[in-house]
Amino acid sequence: AVCAQEKRVRAYKYVWRKQGIGMGSCGALLGGVLGVLAIFMTMKAHEAGEFKTLRTHGMEGCRRLGTGEGVIGAEDIHFRRDGVAIISSDDRWYWETNLLQNFSFRVPNAKAQGGIFSYNPATDRVQKLRHAGDSFPHDFHPHGISILPRSGFEPGSESKVTRIFAVNHRRDGDAVEVFEAASDELKHVMTVQSSLWKNINDVAATEGGFYVTNYIERVPFTHPLAVPELLNLGVEIGAGGYVLWCRLDAGKGEEPCLKVMQGLRMPNGIEMSTDGQQVFVLESLGQRVVSYSVPPEGHGGKLVPEKTLRFGSACDNLSLSPSGRVYTACHPKAMTYKFLHAKKPSTFRSPSQVMSFDQSLGSLREDLLSADGDPVSGSSSGAFHGSTLLMGGINDPGFLACSGRSEAS
């Protein structure tokens, strides 16, 4: 066997010499490739914000709440018109399992069911909304949410019943669940599922239906935020995301959704303008938000792009304040979040940031920044009402409540 191996080595050396390739040439070639790769990865780390100098500010009057009540992974937060916040909660560690598959394949690894919580700043009370009776016997792992009526949004504002729309990752495929919410319970109204979505993320509800973001076109052969997307190679896998409009009145067996915008770089948070005539779509990998107008034929027609606002951070969900200002939470250092904090949240902390902008996309403000990611890391949601600013994180227990705020500050 040893002799055979030596013969193979001599044969390879002979071929290399005939081709004019020496052992030194191979080493130089390999070194050159590794050098180019190192430069490329450094460029991508720079784009992801890894070399930013951050300074904590806006943390005065902030407290972490909800840990005792069981809030964890407060992915998305929206305020009702009466000033009560609705919070999506789930222990999202299972997101880091089965990375070759979409969320519905990872659900069996979840430690527990997720939930919907409410927080009333007037009473400082946090409570979990329980499912009424046996109205919901399925997996419940809420991701992005939307509510009707909601703060800063006029359509449906005359309704006396709060409806919660929740992206739900289930073993039998992703779904959007619709609930009616009473003071302390959820009554399940309907489930919407579509053959057109593969990896859905966030939802924006209006009368008669909702918009939903699908952050990547197909089940990835690698993790959606791994090398192909970050390196932005050739055909952008990261630009395979799209937005759908889904009807609530679709008949049994009828496809309820249709694509209204495609070719987006990880579409994540989605929200609508105060009058419901614009749709704001946040692209996390693109580090931008784009405003689209609803076409003359109404919801379901192709969205028309209008303006773009760039953040310089990988941002997540969107929510409206009563004045109509749009709030979002971001990852100033996206690689720190994805490759460190998401893997071991208690060991590695990731900076948190809340920003807001007006609906004309002409004014961007940084409202809060925690450079060291304490007390809440990996921020994904920001919401404002009255004098209270809230921030939630993808993995951490509880959420941040900051009092004494003003939108004019």
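Which hand does the link of Cys 315 and Cys 330 have, with what angle about the S-S bond? The link of Cys 315 and Cys 330 is right-handed, with 90 degrees about the S-S bond.

This is a predicted model, in which local features need pLDDT of at least 70 and side-chain atom pairs count only at pLDDT 80 or more, while totals for chains, interfaces and linings use all residues. Residues are numbered from 1 along each chain as its sequence is written, and side-chain values use heavy atoms, with hydrogens and water left out.

**Disulfides**

A disulfide is a covalent bond between the sulfur atoms of two cysteines; here the criterion is a pair of cysteine sulfur atoms within 2.5 Å.

| Disulfide | S to S distance |
|---|---|
| Cys 62 to Cys 402 | 2.1 Å |
| Cys 246 to Cys 257 | 2.1 Å |
| Cys 315 to Cys 330 | 2.0 Å |

The strands named here are DSSP runs (E, at least two residues), numbered from the N terminus.

Because Cys 246 lies in strand S12 and Cys 257 in strand S13 (residues 257–264), the pair ties together parts that are 11 residues apart in sequence. Cys 246 is buried with a relative accessible area of 0%, and Cys 257 is buried with a relative accessible area of 5%.

In the remaining pair, Cys 315 belongs to strand S18 (residues 314–320) and Cys 330 to strand S19 (residues 326–331), 15 residues apart; Cys 315 and Cys 330 are both buried.

**An open sheet**

Four strands form an open sheet in the order S14-S15-S16-S17, with antiparallel pairing, where two strands pair if DSSP finds at least two bridges between them. Strand S14 (267–272) and strand S17 (304–310) stand at the edges with a single partner strand each, so one side of each is left without a neighbour in the sheet. Neighbouring strands of this sheet are turned by 20 degrees against each other on average, direction ignored, with axes taken as lines fitted to C-alpha atoms and angles running from 0 to 180 degrees between N-to-C directions. Strand S16 (residues 288–293) pairs with S17 in the antiparallel sense over six bridges, and Lys 307 in S17 is the bridge partner of Ser 291.

**Nonpolar cores**

A nonpolar core is a set of buried Ala, Val, Leu, Ile, Met, Phe, Trp, Tyr and Cys residues joined through side-chain atoms within 4.5 Å. The largest such core has 46 residues, of which Phe 165, Trp 197, Phe 210, Tyr 211 and Val 243 touch the most other members. Strand S12 (residues 241–247) supplies the largest share of this core, five residues. Apart from this core lies another of 14 residues, among them Leu 65, Ala 74, Val 126 and Ala 401.

Leaving aside neighbours within four places in sequence, the contacts of Phe 165 (heavy atoms within 4.5 Å) include Ile 145, Leu 148, Val 176, Val 203, Phe 210 and Leu 248.

Terms used: Buried < 20%, exposed > 50% of the residue type's maximum accessible area, 1.4 Å probe, protein only.
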